[in-house]
There are 2 protein chains.
Amino acid sequence: MNVAETIAEARAAVGEARAAGRNVGLVPTMGALHEGHYSLIEASKAACGFTAVSIFVNPTQFGASEDLDGYPRPLEADLAGCEARGVDLAFAPSAAEMYPRPPLTKVMVEQLPDTLCGRSRPGHFAGVCTVVAKLLNIVRPDQVFFGQKDFQQSVIVRRMAADLNFGAEIVVCPTVREADGLAMSSRNAYLTPEQRNQAPALHASLKLADRLLHEGKTASEAIAAVRERLAEHAPDGEIDYVQIVDPETLEDVQKPGGPVVAALAVQLGRARLIDNLRVELGRAEA
Amino acid sequence: MNVAETIAEARAAVGEARAAGRNVGLVPTMGALHEGHYSLIEASKAACGFTAVSIFVNPTQFGASEDLDGYPRPLEADLAGCEARGVDLAFAPSAAEMYPRPPLTKVMVEQLPDTLCGRSRPGHFAGVCTVVAKLLNIVRPDQVFFGQKDFQQSVIVRRMAADLNFGAEIVVCPTVREADGLAMSSRNAYLTPEQRNQAPALHASLKLADRLLHEGKTASEAIAAVRERLAEHAPDGEIDYVQIVDPETLEDVQKPGGPVVAALAVQLGRARLIDNLRVELGRAEA
């Protein structure tokens, strides 16, 4: 496995692979890799002859009060994990390599960040889009792999890549969960044992919403039931949002007439946890 | 010469050239080609094995009160001109091809657009950066050629390309002028004969600034002299700005201690004319 700390090294490694006729998959991560990330790596390896994983805790997507400094950075373990999974290139640049001077350029998507996580994390998705644009330009992948857990991110990045003609396909892979349903996340490490016991309520409440919507309940009714379930089973959690939205526009849907996404964010101790579930409702008949 | 109206055609043509080992130059234009554009094409042909010219009047860089509808679009003549100069690919997409749905994504550079032309053209440079980002992703050139006449644009695009790691080199070529000094511009066609007679005063006044700065005058003194000269020789012109700025930061410079750029914009009838001159002052001795 090639480990690149500089953009030039990463470009050279990808360039060699391309010259050898291999197509290129990119898995962008902030490190602290878990089975969710490894499933993205598996998907890339299944589809592409060369898999690059970027490991970069991007400062520009963290708010001033967020967990940039405390975010876990177990680089040695991450590199060992990548090596074990057959990653071809691990690109782990420093912040100074990615931002050699104060960046003046921002890639921003309008509208789509005005809901869900974007509402309480102003500037977050501009930071994400900007660093993803940089990574796309450095690696020039054929396919890029994101997790469904970061649902809003995947919708926004896909729109950004299409609007700017990046030419890379954005592939969204299923959320990987612990046995009790908790979505895997690097931030789960922040949970105390008591909070960890409460955390599965997020997924359980989304499954409740799925059932209620299939039974014909409105979004408001489903959301109220989710909030009630969370209050009961995750009493230490502070709900940021519970929403039922259109999978493309992210607009709130009141009476679903087709697939929707039930999504929520809960602050549980130090961890801001997010999760979502695509609810496969059939389209209403004409 | 290959003429592509779709992004897919353009990508295919460039891909073939690249597979044949040719490096790729891009000359982005809004058409209505003149000798200024052709000098960029010459520069590209001298440096690159394959030269692409894009011809696209980008609606997102025009303000509501600007000349989008009236902007000249002599496509046949432009294509003939490209063919005659040995261009390999003319990429002339429709607005619907470039913006198949309302674009939500913007590439914005901060600070640098807050002066010079950006001050009276809000959103202009975001439109420019966004369409240039699209063109860079479609063509993936090794070098991109811009004219010094659009000085602020070249500084902003260079910063954008560096910040986002586009990997293309931004090459800035000298302004091409009519015999009487008027900078070539597609908008010169808007001038009445009387306005055309006054227009050379722009370049003449910049040369005056150059002389005065070399004589040790301050920026304020030089600017006052430029304004006086314009009032006298281009009495129908409405001055938008006259500024002496740093070539990199675009900040106003009062007592130049190194190279500066004298820049101005004048509305002359229907035409908003811009021009600038790099003033090669030596650095002040320590």
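This is a predicted model: local features need pLDDT of at least 70, side-chain atom pairs count only at pLDDT 80 or more; totals for chains, interfaces and linings use all residues.
**Exercise 1. State the strand order of the open six-stranded sheet in chain B, and find its edges.**

Solution. The open sheet of six strands runs β1-β4-β3-β2-β6-β7 in chain B, with parallel pairing. Two strands pair if DSSP finds at least two bridges between them. Helices (H or I, at least four residues) and strands (E, at least two) are DSSP runs, numbered from the N terminus. Next, the edges: β1 (2-4) and β7 (169-173) of chain B each pair on one side only.

Residues are numbered from 1 along each chain as its sequence is written, while chains are lettered from A and ligands numbered from 1 in the order in which they are written.

**Exercise 2. Describe the pairing of β2 and β3 in chain B.**

Solution. Take β2 (residues 24-29) and β3 (residues 50-55) of chain B: six bridges join them in the parallel sense. One facing pair is B:T29 and B:I55.

**Exercise 3. Work out which face of α2(B) is buried, and what it packs against.**

Solution. Start with the length. Helix α2 (residues 35-47) of chain B has 13 residues and reaches 18 Å from first C-alpha to last, close to the 18 Å expected at 1.5 Å a residue. The expected span is 1.5 Å times one less than the number of residues.

Now list the buried residues (20 or more other C-beta atoms within 10 Å of their own, C-beta atoms being placed from the backbone). They are B:G36, B:H37, B:L40, B:I41, B:A43 and B:S44. Seen down the axis of α2(B), they fall within an arc of 160 degrees, so they line one face of the helix. The arc is that of the directions from the helix axis to the C-beta atoms.

Last, the partners. The buried residues of α2(B) pack against β2, β3, β6 and β7 of chain B.

**Exercise 4. Characterise the side of chain B that touches chain A.**

Solution. Count first: 22 residues of chain B are in contact with 22 residues of chain A. Contact means C-beta atoms, placed from the backbone, within 7 Å. The largest share on the chain B side, five residues, comes from β5(B).

Then look at the strands. Strand β5 (residues 105-109) of chain A runs antiparallel to β5(B), joined by five bridges. Here A:K106 stands opposite B:M108.

Terms used
A residue is buried if 20 or more other C-beta atoms lie within 10 Å of its own, exposed if 12 or fewer, and partly exposed in between; C-beta atoms are placed from the backbone. Two residues are in contact if their C-beta atoms, placed from the backbone, lie within 7 Å.
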